[in-house]
Structure formats: C-alpha cells, structure tokens
Amino acid sequence: MTSHTHHDFLRRRVPGEQARVEFSELFFDLVFVFAVTQVSHTLLGHLSLEGAVQALMLLLAMWWVWNYTAWATNWLDPSNVVIRLMLFVLMLAGLIFSISIPEAFGERGLAFAGAYVFMQVGRCLFTVWAMKSDPENRRNFIRITSWQVLGGIFWIAGAFLETEPRMLVWAIALLIEYVSPKLSFWTPWLGASRIASLTLEGGHMAERAGLFIIIALGESILVTGATFSESDFSGVSIAAFLIAFVGSVAMWWIYFNSNSERAHEQIAASPKAGLIANVVYTYIHTLIVAGIIVSAVGDELVLAHPAGHHAELPTVLVIVGGPALYLLGTALFRGFMRSTLPLGQTVALVALVLLGLAGGQFEPLVLAGLVTLLLVAIAAWDGFDRKKAAMEA
C-alpha cells in the first residue's frame, strides 16, 4: 500500500476542532454493556473476600481492554472501513470474553484469557501496521505490544491452572499491564515512550470516558428496573426502587455536572494531554467504574431484601463501599485537574466510612437511603460550587 493509503487509517486532526466519536465506536461499546452486567452479577453471586478479589480482577481486565481500544481509536480513524472491521473483530472477541466472565476462574478460563489476549495483542499489532505514516506513535505501539505479549503469557498460562494459582498468575499479568504505562512502556531495544508528548485528541478521550460512565450507570438502571419488576410493589419495595434510582441520578450529576465538562475543556487545551489522559482516564476512572458496579450490586440486594433485618456485613460493604469508591474516584479526578481535592467529597467520604462502621445497626433500606442522601447532598454542593465559580469568573 502507498503512504497515502496508510495515512488514511489515521484521524485527520484539524486545529480547533475536536475529533468526533464515531458510531462504530459506540457500536463497539455495546459489548461492554454486557461485560459490565456480567461482572456485577459475578460479584453478586460470590459476596465473599475471594469473590470480591475475582470480581476486581475481571473488572480490571474489562476496563483495560476497553481503555486501550479507546486510546487506539484516538489515533485510528473509525470512519475508515478497515478500522471498522478491526473494531467488529474485536467486538466478536469481546463477546466471547464477556460470555466467559462468570466462569473465568472455572471451566471457561482459557476462553476468557484467549479472547482477552487476542484483543490486546491483536489490536496492538494491527495498530503498529496501520501507523506506518506515524513513526513515533508506531514505535510507541511496538513497545506497548511487547508488554501486552509479556502479560499475555501469564494470562494463557494461568488458564491451565486451578482457581487459586490461576488468581495468582493472572494477578501478575494484571500487574505487568497496569505498571507498564507508569514505566512509559520501556523496552530494552526501543527505550521509553514520552507519554507527556503524545499527540492525543484530549476532547475525544474525555468524551469516550464519559460514554463508558454512561454504560456503567446504565447497569444500575437495568438492575433497578429488572429487580423491581419482580417485586410485590409494596411500599417498602417502592421506597427501595426510588432510592436506587435517585442514587443513580446523583452519581450521574456528580460526574457530568462538573467533573466531565471541566476536564473536557482542560484536557482539550493542554499541551500535556497525553500525561493527563494517562492518569485520569487510564487509572482514576477505574475507581469510578468500580464504584458504579459495586453500587449496582448494592441496589439489587436492597431491592431484593429491603427491610425486616439488620444489614449483614457483605451488604453493608457493597451499599457503602460502592458510593465510597465512586466519590474517591471523582474526588481524585477533580483533584488532579484542579490540583486540590474537593472539600465536599472529602467530607462525604469520611461520612461514608462512619456509616459503614455503624451499618450493621440499620436495615438495608435505611442504610441505602442515608447513603443516597449523601450523594444528593454532594450533587447539590457541586452545583452550588460551579455556579459560584461561574459568577466569580
């Protein structure tokens, strides 16, 4: 192929214009609607320390494969038919990956690991091929591919082991992959990537991350509706339904009313967009997504058994822990962008810790109601803070 043809694989960047999120990218994301549901149901079915660790590992793998694809399509042009076909092939592998999630630590370990490694390594190799007209980024993806292959060895090897050793080997694989960006993907023959100087379309990454938050929040809405539809529509179940819904709205408000838009503007204008995106959208958003998924599990537990007994420890941990992870993630998100942690969310985190310590004294419905009140208070605080900042400006 000619150089011009290869250039057609890359997004054409126009100064002052944000790269749009293509419909093919949104179509690709549909696989992760299913994956998020699978992770939350896996945690719900195994509310134990081992189950929580396994769900965390599944979440980290899911987030990593989506995140790396979002980075790839920040440079590759999804309006090109070849790039679209690449995304559709990844979707097929993603379906196998998602289907295997509930039994990833059981009989479908090889299907899970194989699909994951195929997506990670295959996408990187494709990107290396497609970037012949961009030598600097091509070298970056050669480095990334090397790390993905190293991690992939542990993923495949772990699939042949029993549950406990599999968890250990897959934990090593995750460590390799999550540490590699912090090491700037250093390789013996190519050195390290310059993350801060990546020619990233910041607005596109911000929008992609926001769309994944919508996917995760959609899981909460689906859980709320599906579980409530099977209830007896009593006063208690209606109250649980409303609390779950209001909690989801408050989470949306906290992220999108202030964090998302301001970050979108800041990263789009920053000369260090690559460095910001690496921290904020690669790592910090993991906490936000985890918080939403755990909160969805809490909603389902409350809707299924809202009252008549004190909340047991696993129930307390998911009801309080999900919003706590979410607020921690959004606080770090805003703190990194503004160089100072938000006071309201910091106070709310302390309050959630206190609620968690006393959570066993409350019925699940009451505890969920108190947590939701805190989320609503933070959403209102953020709205007031944003209005005040606009008036001062």
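Student: Which residues of α2 meet α8?
Tutor: Keep in mind that this is a predicted model. On the α8 side, the contact is made by His204, Arg208, Leu211, Phe212, Ile215, Ala216 and Glu219. Facing them from α2 are Glu25, Leu26, Asp29, Phe32, Val33, Val36, Thr37, Ser40 and His41.

Student: And how many nonpolar residues does the contact of α2 with α8 have?
Tutor: Sort that contact by class and you get four polar and four charged residues. Leu, Phe, Val, Ile and Ala fall in the nonpolar class. The nonpolar count for the contact is eight.

Student: Is α2 parallel or oblique to α8?
Tutor: Two packed helices are described by the angle between their axes and the distance between the axes. Here the axes of α2 and α8 (residues 202-229) are 9 Å apart and the angle is about 40°. Roughly parallel would need an angle under 35 degrees, so α2 is oblique to α8.

Student: What is the handedness of the crossing of α2 and α8?
Tutor: Handedness goes by which way the near helix is turned from the far one, and clockwise counts as right-handed. For α2 passing α8, the crossing is right-handed.

Student: Moving to the open spaces, which element gives the largest share of the lining of the largest pocket?
Tutor: That pocket has a volume of about 440 Å³. It is lined by 20 residues, with Leu43, Ala52, Val294, Val318 and Leu325 closest to its centre. Two or more lining residues come from each of α2 (23-45), α3 (49-75), α10 and α11. The largest share is six residues, and it comes from α11.

Student: How many charged residues are in the lining of the largest pocket?
Tutor: The lining of the largest pocket includes 16 nonpolar residues. Another four are polar. That lining's charged count is none: no charged residues.

Student: How many charged residues does the lining of the second largest cavity have?
Tutor: By class, ten of the residues lining the second largest cavity are nonpolar and six are polar. The charged count there is one.

How values were computed. Residues numbered from 1 in each chain as written. Predicted model: local features only at pLDDT ≥ 70, side-chain atom pairs only at ≥ 80, totals over all residues. Heavy atoms only, no water. 1 Å grid on protein atoms, 1.4 Å probe; cavity = no way out; pocket = protein on both sides within 12 Å on 5 of 7 lines; lining within 4 Å. Points joined across faces, edges and corners; volume = space filled by probe spheres on them. Helix = DSSP H or I, 4+ residues; strand = E, 2+ residues; numbered from the N terminus. Axes fitted to C-alpha atoms, helices over the stretch in contact; angles between N-to-C directions. Parallel < 35°, antiparallel > 145°, perpendicular 65-115°, else oblique. Contact = heavy atoms within 4.5 Å.
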